[in-house]
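Please examine the sequence and the structure shown below.

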Amino acid sequence: MAILILAEHAEGRLDEATRRTATAARSLNGDIHVLVMAGDAHAETLSQQAASIEGIAHVWCATAPHLEAQLTEDTAAQAQAVLERGGYRYALMSSSYLGKRLMPYLAALRGTDLVTDVTKIETEDTFVRPVYAGSLLVVERLKSAVKLLTVRANAFSPAGVQTAAQAAAPIETVPPLPPKQAVRLVERRSEQSSRPELSRARIVIGCGLGVGKKDMPAVEKLADKLNAAIGVSRAVVEEETASSDYLLGQTGKIIAPELYIALGISGAVQHLAGVKDSKVIVAVNKDPNAPIFQIADYGIVGDVAEVVPELVGLL
Amino acid sequence: MKILVPVKRVIDPSFKVRLKPDHSGLDMTYMKMVMNPYDEAALEAALQLKERGMATQVLTVSCGTDDCVETLRTSLALGADETLFIEARYAMTPLVVARLLKAVAVREACDLVLIGRQGMGSDGNQVGPMLAALLGWPYLPFAEALTVEGGDVRVRSKTDRGFETLEAALPALVSVEIGLAAPRYVSMPSLMKAKKRKIVGEAAEALGVDMEMGVAVVQLRSPPERNCGTLLPDAAALVERLRAETGII
């Protein structure tokens, strides 16, 4: 019996989330296969990247011009066709936007429930997932013969990549299905940012209302020195000084970096829920009673305007 | 054009949830219930489409226990034309809810479903894509902006790296990001009017869908609590401790 991972990729590069999903799959019993669905330009390179992930036994490659758009209707039908070949006990993807839109759709096509955003695999059919943005954990048992899961990427470390000298997994093509033509992709835009992406960054700096506009150059300098991503609290989004793309917390990004530095953030329930899985938390706030200090490993009661430039000078 | 907006009743997200001491369920003492904020954004977007003459009717629906009536009444007070209550005495899995909603969308001849991308709290992100798959309607996920023109719906759809513009012909299903539309306030007169409306439930079983549940909750757990750390005098002390104790910087 085998496990099928649906590869995630963009602009010809396999996403690290797929390697993290492979780590989750390794705690299940079975050969791990990867399905790459892509346009003609990148399918071959992507399949090779997938084949070189440690622990992968087989790579399926479906390629056709319309698969470039990765529309849910097309990718779900294609994945369903591979699962119908038989022999699969699990299908996995990370709970990225792509996984969140594809896997429940695939589950409904198959007439089964699924478990989303799994952070721990307990047994072959029971899985732990956070609810209420991580304030609680729920353990769920999935009954279907083929179990569909999405896994939270940052709860699993990325599987290694084999060197060229080691034997990579065999790659086999699967016939592409005709396009469904239900949805048209009109345009695709990527955010051009020199900083790491919030949910993947090793270090994240969060800015709340205690960070004034005048403090931002120093915060940017600190982020440069630490190669950190910058996020904001809900209050900042509500003041309309930052886009909701950078929102940290229950309705925004839920993060678990190695280091989270909360600047001028008091720590509303929704914010704490979204950042509390960070390995180390540092808080800087003028108010010694700010709730953020209750979850911080290190705190400084002080003004961001003074503390941040000092930090920049010391690093 | 008829728009269907499924609305879910959830715990107010500004409340911190806790387990009962015996871990048998959530401690609901002092908890306040509200309409799922994602669905609230979906309802607001539907009402705005109607006000701009793009839609003729906004229909809300909720599947669950008696308490849902309160949420449905709020939807009427906000401006929904009609509301449907699908009554079930137990919690259902997302697939069962999607099957019930499919039966409603087909029976009521809806042209567009606007649904919050997730229930706040259950955080599943499942019912929207499942419903689109069951209906076989185009699925436009994670909408941050939405327009309807000449039988086509166009959304700005959030992705892992930015956004996509997606377009499809109606009927279609759009899953909604919280920022799509800022909900309006309920006015006193419309609330009083909504209070007089009779909301009659129909039994979920009567819709004739498969109610078999494929996933069961085994246990609820509290995550490990973080311990309160150390207060440090200044930036220098912080850098020293981070270097000595964490090795991250």
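A:Ile300 has B:Leu232, in strand 13 of chain B, as its bridge partner. The two strands concerned, strand 18 (residues 298-301) of chain A and strand 13 (residues 230-232) of chain B, run parallel and are joined by 3 bridges. Strands (E, at least two residues) and helices (H or I, at least four) are DSSP runs numbered from the N terminus, and two strands pair if DSSP finds at least two bridges between them.

This is a predicted model, in which local features need pLDDT of at least 70, side-chain atom pairs count only at pLDDT 80 or more, and totals for chains, interfaces and linings use all residues. Residues are numbered from 1 along each chain as its sequence is written, and chains are lettered from A and ligands numbered from 1 in the order in which they are written. The predictor gives the complex an ipTM of 0.96 and a pTM of 0.94.

Within chain A, strand 16 (residues 259-263) is largely enclosed by the rest of the structure, because 5 of its 5 residues are buried (20 or more other C-beta atoms within 10 Å of the residue's own, with C-beta atoms placed from the backbone). A:Leu259, A:Ile261 and A:Leu263 point one way from strand 16 of chain A, and A:Tyr260 and A:Ala262 point the other way.

Strand 14 (residues 203-207) of chain A runs parallel to strand 16 of chain A, with 5 bridges between them; here A:Ile203 stands opposite A:Leu259. Strand 16 of chain A also pairs in the parallel sense with strand 17 (residues 280-285) of chain A, over 5 bridges.

Methods: Buried ≥ 20, exposed ≤ 12 C-beta atoms within 10 Å, placed from the backbone.
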